[in-house]
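Here is a short report on one structure. It looks at a loop residue, then a helix residue, then the helix itself.

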Amino acid sequence: MNKQKYLKPVNSILAISFLALILSALLHDSIPYNIYRNIHPLFGYILTTMVFVHVYLNFNWIKKNILSK
C-alpha cells in the first residue's frame, strides 16, 4: 500500500479541522449556540480521527526515528 498518496488528503483534512476547531472556539460567543454545539464537537471528532490515521500512516517513520532510541 502506498501510504504517501493518502498523507496529502489526511494532512489537509487535519489542518482544516484544526483551524476550524480553533476558529469555532474563539468565536463561540458570536456563533449561535445550537450551531456551535453541532460544529465544534464534529470538528473535534474529525481532528481526533485524522490524528490517529496520520500516526498510523507514519508509524514506520515513528518506529525508525523515535521509538528506536
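## Asp29 in the loop

The side chains of Asp29 and His28 are joined by a polar contact of 3.2 Å. A polar contact is a pair of N or O atoms within 3.5 Å; within protein, one must be able to donate a hydrogen and the other to accept it, and residues adjacent in sequence count only if both atoms are side-chain atoms. Asp29 sits in the loop between helix H1 (4–26) and helix H2 (33–57). Helices are DSSP runs (H or I, at least four residues), numbered from the N terminus. Asp29 is exposed, at a relative accessible area of 69%. Exposed means over 50% relative accessible area, buried under 20% (1.4 Å probe, protein chains only).

## About the model

This is a predicted model: local features need pLDDT of at least 70, side-chain atom pairs count only at pLDDT 80 or more, and totals for chains, interfaces and linings use all residues. Residues are numbered from 1 along each chain as its sequence is written, and side-chain values use heavy atoms, with hydrogens and water left out.

## Ser24 in helix H1

Ser24 belongs to helix H1. Ser24 is buried, with 3% relative accessibility. Its side chain makes a polar contact of 2.7 Å with that of His40. Leaving aside residues up to four places away in sequence, Ser24 touches Ile31, Tyr36, Ile39 and His40. Contact means heavy atoms within 4.5 Å.

## Helix H1 and its cover

The buried residues in H1 are Leu7, Val10, Leu14, Ser17, Ala20, Leu21 and Ser24. Their cover includes H2.

How values were computed:
Helices (H or I, at least four residues) and strands (E, at least two) are DSSP runs, numbered from the N terminus.
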